[in-house]
Amino acid sequence: MNARVQQPLANNQHAASYYAASSHLQPDHPPLAGELNVDVCVVGGGFSGLNTAIELAERGLSVALLEARKIGWGASGRNGGQLIRGVGHGLDQFSNVIGSDGVRQMKLMGLEAVEIVRQRVARYQIDCDLTWGYCDLANKPRDLDGLAEDADELRILGYRHELRLLQANEMHSVVGSDRYVGGMIDMGSGHLHPMNLALGEAAAARTLGVQIFEHSAVTRIEYGPRVCVHTAQGSVRADTLVLGCNAYLNDLNPELSGKVLPAGSYIIATEPLSEAQAHELLPQNMAVCDQRVTVDYYRLSADRRLLFGGACHYSGRDPQDIAAYMQPKMLEVFPQLAGARIDYQWGGMIGIGANRLPQIGRLKDQPNVFYAQAYSGHGVNATHLAGKLLAEAIIGQHSSGFELFAKVPHMTFPGGKHLRSPLLALGMLWHRLKELR
């Protein structure tokens, strides 16, 4: 029978998600009012901004953080909750810019990024359902060949966590579907409740003295030796500015916003499943992700819901009914869920750069303005790495990692803000057609 949908549901990216419904009590932070003077002003209350603020405050700087809506409102509080090693796609392509040793350092930073999350959760005792265990899923034999190459490279890099390649006849030990020809288990990656991680990090930032202001959208920035960041009711003067808005930067800084494409990603959550059902779907409670351009990713929540996401959209248009769009995709993987009710549906914008590498650096003509954006699906861990690298650069500490990221040039998407999404959608269609061969 057809999957049943409970009404009302979140029919657009701004409505409440499962994470919002199941998050810890969120304190209200006041909007900025009046004038404030600090060492660093951070714009953006997602993982980029929160972790930069924590890293700076741990080093003794005074920090004000401005969030246009609520902490974790964007992709940080609405993503799939998958904590996966790595910071980019095809890092070897950058060897002509940063050299082979630079590429190796970036690959090692992709492993370090997960450890930063691990340590932050432990240090500040953040309750976010952090669970270890992840599996890359191979859709085709060539995907399995690629996973074997990944495993070899990780071992050469000294990866200390268990890796295990699986053949088709072993896949039911990880996922209750006949869709995959193999996979690779990685016990150094896993999954978590992203909104609770963001809320826990906001609480940690407050204990360190960071001043957090919500409902404080930035209206204007005065650049100079000391920046002045204006909101509707106040302003912040600071020696340094950090822009951590990612896909929600909009026109705040056109130079940066032209280098990141907001792309929609969508998730549905089933009703709570029985222990037997949950064990049938994901016997080891791992997060999983396939290898297609339009990527399926899914996992179980702490209350045994299947959270099924993917269908990355580059067109700039959201589906009118996310559940109706995503349920058939879920049922292709798990036909046994045909009778399961869908309790939540939501979406959000992730930031994607043309070369799929996170953009971490400073403005050339404004050396006291730093930024981090365009994580291209690796945001949960890469944002935490970005915060560390930005803090090192801001305090003047030598940061080879920051310098490596800052060296890589990033293309501005052609066509302006109205045409760049349709143009990229055509490009991604070409990649999808290649998958069919």
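A charge sits over a ring if NZ of Lys or CZ of Arg is within 6 Å of the ring centre and within 35 degrees of the ring normal. The exercises below use this predicted model.

**Exercise 1.** Find which residue's face arginine 118 lies over, and at what distance from the ring centre.

*Solution.* Arginine 118 lies over the face of tryptophan 132. The distance from the ring centre is 3.9 Å, and the cut-off is 6 Å. Another such case is arginine 78, placed over the face of tryptophan 73 at 4.5 Å from the ring centre.

**Exercise 2.** Classify the aromatic pair of tyrosine 18 and tyrosine 344, and state where each residue lies.

*Solution.* The structure holds 7 aromatic pairs. In the pair of tyrosine 18 and tyrosine 344, the centres are 5.7 Å apart and the planes make an angle of 65°. Planes over 60 degrees apart count as edge-to-face, so this pair is edge-to-face. Tyrosine 18 belongs to helix α1 and tyrosine 344 to strand β15, so the pair ties together parts 326 residues apart in sequence. Tyrosine 18 counts as buried, with 5% relative accessibility, while tyrosine 344 is partly exposed at 22%.

**Exercise 3.** Decide whether asparagine 355 is buried or exposed, and list what its side chain reaches.

*Solution.* Asparagine 355 sits in the loop between β15 and β16. Its relative accessibility is 13%, and buried means under 20%, so asparagine 355 counts as buried. Its side chain reaches the backbone nitrogen of leucine 357 at 3.0 Å and the backbone oxygen of proline 409 at 3.4 Å. Beyond four places in sequence, the contacts of asparagine 355 include His89, Phe94 and His410.

Conventions. Residues are numbered from 1 along each chain as its sequence is written. This is a predicted model: local features need pLDDT of at least 70, side-chain atom pairs count only at pLDDT 80 or more; totals for chains, interfaces and linings use all residues. Side-chain values use heavy atoms; hydrogens and water are left out. Helices (H or I, at least four residues) and strands (E, at least two) are DSSP runs, numbered from the N terminus. Buried means under 20% relative accessible area, exposed over 50%, partly exposed in between (1.4 Å probe, protein chains only). A polar contact is a pair of N or O atoms within 3.5 Å; within protein, one must be able to donate a hydrogen and the other to accept it, and residues adjacent in sequence count only if both atoms are side-chain atoms. Contact means heavy atoms within 4.5 Å. Rings of Phe, Tyr and Trp (its six-membered ring) pair if their centres lie within 6.5 Å; planes under 30 degrees apart count as stacked, over 60 as edge-to-face and the rest as tilted.
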